[in-house]
Amino acid sequence: MDRRVDTRRAPAGSPYTGLPEARPGGGVPGQAYAVSAEFYDLLHSRSYHRHALALAGPAAAARVGIVEVGAGTGLVTDVLIGASCVPVHAVEPAAAMRAVLLSRLHPPAGGSVGDRVTVHACSAVELSLSGQADLAVCLRMASCLPPHERRALWRTLADLLVPGGLLFLDRPPARLPARPARRSLGEVRLGMDTYRGQVTARAEGDRIRCDYTYLVCRQGRVMRRAQESFLLWPLSRQALGAELADAGLALEGELPPDLLRVRRRV
């Protein structure tokens with residue numbers, strides 16, 4: 001059993017999807033998702049698909065560039081690329097997730113499309129893309145950053161956006177859960193095996209701990225069991241709006257399903 005604690009981005013399907021720079025239990029950058037990457041596309045794609053479809057319109061309207069912070073395995077990246085005709089920057093510091101992302105982008109995204117896509121193996125705050133985007137996407141990441149790192153992220157995103165540029169992020173959890181909450185991630189059948197997942201969220205001090213458990217079952221027997229944990233900081237909408245404003249960003253409204261629309265001030 002492999003158990004790690006990450007303070008980056010929690011997988012989709014969490015009961016608190018506001019969901020990061022990877023910082024696993026060992027404290028070695030880039031080693032987050034060593035467990036979850038194997039199961040990510042199988043058990044988390046449905047939730048990402050809804051957001052990806054909602055972002056197709058804004059991607060098509062982009063005229064400068066697109067930056068996706070926390071691109072993961074590329075479930076949203078694919079849509080951003082296909083809907084747009086501008087350079088796309090996919091930022092993913094976790095090696096396990098980035099391996100899937102790169103496999104997804106090549107060869108399917110080869111040729112002229114591949115020429116538009118750059119994968120950045122670094123954290124968002126290490127980017128040097130000032131003024132190179134009019135659309136930024138940040139999903140299931142910001143809530144897993146400590147407050148000072150989260151505020152640094154807002155400043156970075158404001159810097160990479162041109163005046164009037166748009167940022168879309170998912171709504172962070174507003175409060176700690178009153179009691180542990182468990183949710184199924186569903187199951188997928190592949191040949192003789194069934195892949196299942198569940199997430200349990202509970203309060204841990206001033207944070208939310210999300211424990212993900214993945215099972216591979218065959219003929220009623222558990223063949224493999226894997227676990228990975230993520231920590232989230234709750235943030236009210238009022239506090240989020242204040243942080244964004246301090247960075248020169250304005251919280252404008254929502255885009256279904258559960259996406260917040262933010263604009264860089266002119």
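Visitor: Is Tyr40 buried or exposed, and at what relative accessible area?

Guide: This is a predicted model: local features need pLDDT of at least 70, side-chain atom pairs count only at pLDDT 80 or more, and totals for chains, interfaces and linings use all residues. Residues are numbered from 1 along each chain as its sequence is written, and side-chain values use heavy atoms, with hydrogens and water left out. Buried means under 20% relative accessible area, exposed over 50%, and partly exposed in between, with a 1.4 Å probe and protein chains only. Tyr40 is therefore buried, with a relative accessible area of 1%.

Visitor: How many aromatic pairs does the structure hold, and which class does the pair of Tyr33 and Tyr40 fall into?

Guide: Rings of Phe, Tyr and Trp (its six-membered ring) pair if their centres lie within 6.5 Å; planes under 30 degrees apart are stacked, over 60 edge-to-face, the rest tilted. The structure holds six such pairs. For Tyr33 and Tyr40, the ring centres are 6.3 Å apart and the planes stand at 85 degrees, so the class is edge-to-face.

Visitor: Which class describes Tyr33 and Phe230?

Guide: Their ring centres are 5.2 Å apart. The planes of Tyr33 and Phe230 are at 35 degrees, so the pair is tilted.

Visitor: How many residues apart in sequence are the parts that Tyr33 and Phe230 tie together?

Guide: Helices (H or I, at least four residues) and strands (E, at least two) are DSSP runs, numbered from the N terminus. Tyr33 sits in the loop between β1 (5-6) and α1 (37-61), and Phe230 in strand β10 (residues 221-232). The pair therefore ties together parts whose separation in sequence is 197 residues.

Visitor: What relative accessible area does Phe230 have, and which residues form the aromatic cluster?

Guide: Phe230 is buried at 0%. Tyr33 is buried too, with a relative accessible area of 0%. The one aromatic cluster is formed by Tyr33, Tyr40, Tyr48, Tyr212 and Phe230.

Visitor: Which residue lies over the face of Tyr48?

Guide: A charge sits over a ring if NZ of Lys or CZ of Arg is within 6 Å of the ring centre and within 35 degrees of the ring normal. At 4.3 Å from the ring centre of Tyr48 lies Arg140.

Visitor: How far apart are the closest N and O atoms of Asp41 and Arg104?

Guide: A salt bridge is a side-chain nitrogen of Lys or Arg within 4 Å of a carboxyl oxygen of Asp or Glu. The structure holds 16 of them. In the bridge between Asp41 and Arg104, the closest N and O atoms are separated by 2.3 Å.

Visitor: Which helices does that pair link?

Guide: Asp41 is partly exposed at 29%, and Arg104 is buried at 19%. The two residues are 63 apart in the chain, in helix α1 and, for Arg104, helix α3 (residues 95-105).

Visitor: Where does Arg116 lie, and how far away is the nearest side chain of opposite charge?

Guide: Arg116 lies in the loop between α4 (111-114) and β4 (117-120). Lys and Arg count as positive and Asp and Glu as negative; His and the chain ends are not counted. Arg116 is buried yet has no salt bridge, and the nearest oppositely charged side chain, Asp115, is at 8.6 Å.

Visitor: Which residues have a backbone oxygen by the polar side-chain atoms of Arg116?

Guide: Contact means heavy atoms within 4.5 Å. Leaving aside neighbours within four places in sequence, Arg116 is in contact with residues including Ser84, Cys85 and Pro87. One backbone oxygen lies 3.0 Å from a polar atom of the Arg116 side chain, that of Ile81. Another lies 2.7 Å from such an atom of Arg116, that of Val86.

Definitions and conventions: Polar contact = N/O pair within 3.5 Å; in protein donor to acceptor, adjacent residues only side chain to side chain.
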